[in-house]
Structures are given as C-alpha cells and as structure tokens.
Amino acid sequence: MNNTDIKTALSDLRSSVKKVGFICAMDCELDAVTKLFSDLTIKKYGSIKFFCGKICGVEAIAAKCGVGKVFAAICAQTMILGFAPDLIINTGVAGNLSDTLRIGDIALSSAVVQHDMDTSPLGDPVGLISGINKIEIESDISAALVMQSALSTIGINNTIGIIASGDQFIASPEKKQQIKENFSAISCEMEGASVGHTCYVNGVRFLVVRAISDDADNSSPDDFPAYCVKVSENSSKAILEFMKMIA
Ligand code: ADE
C-alpha cells in the first residue's frame, strides 16, 4: 500500500459510502460494534433486530445474524432490502491459517471463498459456486486499504488475504492444512463468504474484518471461548478508526 493508493481509496469511500452495515454472528462480536453507536434506534424485520444509528457521524446499521452461512445470507439479504447500505462489513473473530498472524491480530479480506462448497465429483474445482461460476468473490479493495490504514494508526498487526468460510468449526491441523492448500486462505470462519456471496449477487460492496481468536487447531476449543470477547475489542477499535476516516 502506498500513499496514493490510500488517498484514492479514502476519497472513493468518502464520496460513495454514506451508510455502512455491520453483520456479526455472535453477541460478543455485535456488542463491539453497537457500543460505538450514537442516536440508536432498533427495527425488527422478521426475526432479526437491526440496530440503527451513527458511528462518528456516519449512518450505520448492525445486526447479529447467528452462526453459519445460511443465517448470514438471510441477514445480509434482509439488511440490503431493508436498509440499502452502500457497504457491508462482516466483522467478528476467526481461526488463524496464516504464519504472519497471531491471536488478537486482524485478517482483512481481499476475497472470500466457501471451503465446504464441493461439486468436484462432477468435475468442478473444489469451492466453485455454480451459478456465478466463481471460487473467489472479491471484496472491496478501497475498504480493505482504508481499514488497513486505520489498523496501522492504532497499531494492530493485520494481513489482507483470502478468508475461507464454511459450516464447520476448524480445530485440527489436518483440516487447517487442507483449507490452506485448497484456497491459500489466511483465516477461517463461518459467515464471511456467505455475506460476500449475498452482496455480490445484489451488487453491494463488502469487506470481512476478523480478529484472530484461535489457531484453528487442537488448541481452538480452549482458545476460542477464552479470547472471543478480548479480541473483539480490536475489531471495535478498528471500526471506530475506519468510520472516523471515512466521515
Ligand atoms: N471462528 C473463530 N475461530 C474459528 C474456527 N477455528 N473455525 C471456524 N470459525 C471460527
């Protein structure tokens, strides 16, 4: 990232992003976002509670989708139809697949993949989403660059790369290795690619921002509950700085 890239990215976001949507899977992840809101009101669509307000003067909406790809897609589609956000940020925690990230660091998406999408017996590559004929869905590069700049301002280590989602909690070296090998992903979680898929088909910009809670191996069943709340604080700091920058 050079200064010209970040300047261009920032002016892009400042001119075209007036409303930002946040989608989180769990309460501890949502709390990290909603505590930043002013002028808070709540609207319910179907079973989903949407928190509406402002962060640093920028209009924002946030919702808890629940765990897994189906809940995430339901929430993203409802948010898009109900609130028309210019950008959706899927935030929360993730398992680490990268050698350059540690617990508490942040993974930012360049693209998302669904590691459990598999029609390979029909001759397709693993991860291919038929219908859109893509394995990787690219996320918004301007949003990633501005978020990266926000993270460097507040001193949180981060990497931009592919984030892999699936309806599985990854907690073994073998499964971790398989996802790394198949997709060159830097982190794994259970919603980001579903939010990305929904945004893609609706023409909405999106970014996945995930604080590392565990190493997606045998230590994950202990580390995930131990670090979930603590590392979500880093996502909160990142979002605050990002919203300050685009205001
Ligand atoms: N979210 C946080 N850690 C995870 C893991 N190891 N697998 C899937 N989702 C996660």
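View 1. Thirteen is the count of residues around the ligand, given as 13 (a heavy atom within 4 Å), and Gly95, Phe169, Ile170, Glu189 and Asp214 come nearest. This is a predicted model, in which local features need pLDDT of at least 70 and side-chain atom pairs pLDDT 80 or more, while totals for chains, interfaces and linings use all residues. Residues are numbered from 1 along each chain as its sequence is written, and side-chain values use heavy atoms, without hydrogens and water.

**View 2. Polar atoms at the ligand.** A ligand nitrogen lies 2.6 Å from a side-chain N or O atom of Asp214. Polar backbone atoms are 2.8 Å from a ligand nitrogen at Ile170 and 3.2 Å at Gly95. The protein covers 97% of the 260 Å² of accessible area (Shrake-Rupley, 1.4 Å probe) that the ligand has on its own.

**View 3. Strand E3 and its neighbours.** Six bridges join E3 to antiparallel strand E2 (residues 38-45), with Lys43 partnered by Phe50. Six bridges also join E3 to antiparallel strand E4 (residues 58-64), where Gly53 stands opposite Ala60. Two residues separate E2 from E3 in their hairpin, and Gly46 in the turn has a positive phi of about 60°.

**View 4. Contacts of Ile246.** Ile246 touches (heavy atoms within 4.5 Å) Leu10, Leu13, Arg14, Val17, Val20, Val58 and Val146, leaving aside residues up to four places away in sequence.

Notes: A polar contact is a pair of N or O atoms within 3.5 Å; within protein, one must be able to donate a hydrogen and the other to accept it, and residues adjacent in sequence count only if both atoms are side-chain atoms. Two strands pair if DSSP finds at least two bridges between them. Helices (H or I, at least four residues) and strands (E, at least two) are DSSP runs, numbered from the N terminus.
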